[in-house]
Amino acid sequence: MGLGGCIILVAVGAVLTFATDWKTDTVNVDLVGWIMMIVGVIGVFVYASIARRRRLVVPPSTTVVSDDDRRGL
């Protein structure tokens with residue numbers, strides 16, 4: 001799930017929690033909205049931590065040999 005999916009989860013969860021007044025006997029719509037928002041926020045943090053790790057630049061481990069070293073000067 002990408003960043004967009006996580007943001008959509010948060011938005012739909014907020015709509016279910018704060019903008020609806022549906023009452024059912026079997027499903028608590030407010031609780032479902034809260035769960036969706038929490039999962040979305042956790043997804044944003046996980047996505048951000050993975051993206052941060054991908055951006056790390058590892059310095060090259062190869063040695064640079066100049067022309068002077070090869071000629072023995």
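Leaving aside its neighbours within four places in sequence, which residues is T20 in contact with?

1. **What you are looking at.** This is a predicted model, where local features need pLDDT of at least 70, side-chain atom pairs count only at pLDDT 80 or more, and totals for chains, interfaces and linings use all residues. Residues are numbered from 1 along each chain as its sequence is written, and side-chain values use heavy atoms, with hydrogens and water left out.

2. **Confidence.** The mean pLDDT (the predictor's confidence in each residue, from 0 to 100) is 83 for the protein, and 75% of the residues score at least 70. Confidence is highest in α1, at 94, and lowest in helix α3 (residues 67-71), where the mean is 59.

3. **Overall layout.** You will find three helices and zero strands, in the order α-α-α along the sequence. Both kinds of element are DSSP runs numbered from the N terminus: helices are H or I with at least four residues, strands are E with at least two.

4. **The T20 contacts.** T20 sits in the loop between α1 and α2. To return to the opening question, T20 is in contact (heavy atoms within 4.5 Å) with V15 and V29, leaving aside its neighbours within four places in sequence. A polar atom of the T20 side chain also lies 2.7 Å from the backbone oxygen of L16.

5. **T17, in helix α1.** T17 belongs to helix α1 (residues 3-18). T17 counts as buried because its relative accessibility is 10%; buried means under 20% relative accessible area, exposed over 50%, and partly exposed in between (1.4 Å probe, protein chains only). Beyond its neighbours within four places in sequence, T17 touches D30, G33, W34 and M37. With D30, a polar atom of the T17 side chain lies 3.5 Å from the backbone oxygen.

6. **A nonpolar patch.** F18, L31, W34, I35, I38, V39, I42, V46 and I50 form a nonpolar surface patch of about 850 Å². Such patches take residues with over 30% relative accessible area and no salt bridge; like charges are joined within 9 Å, and nonpolar side chains (Val, Leu, Ile, Met, Phe, Trp, Tyr) within 5 Å. A salt bridge here is a side-chain nitrogen of Lys or Arg within 4 Å of a carboxyl oxygen of Asp or Glu. Helix α2 (residues 29-54) supplies the largest share, eight residues. V46 is in helix α2 and is partly exposed, at a relative accessible area of 43%.

7. **Burial.** Of the 73 residues in the protein, 15% are buried.

Methods: Areas by Shrake-Rupley, 256 points an atom, 1.4 Å probe, with all protein chains shown as cover. Polar contact = N/O pair within 3.5 Å; in protein donor to acceptor, adjacent residues only side chain to side chain.
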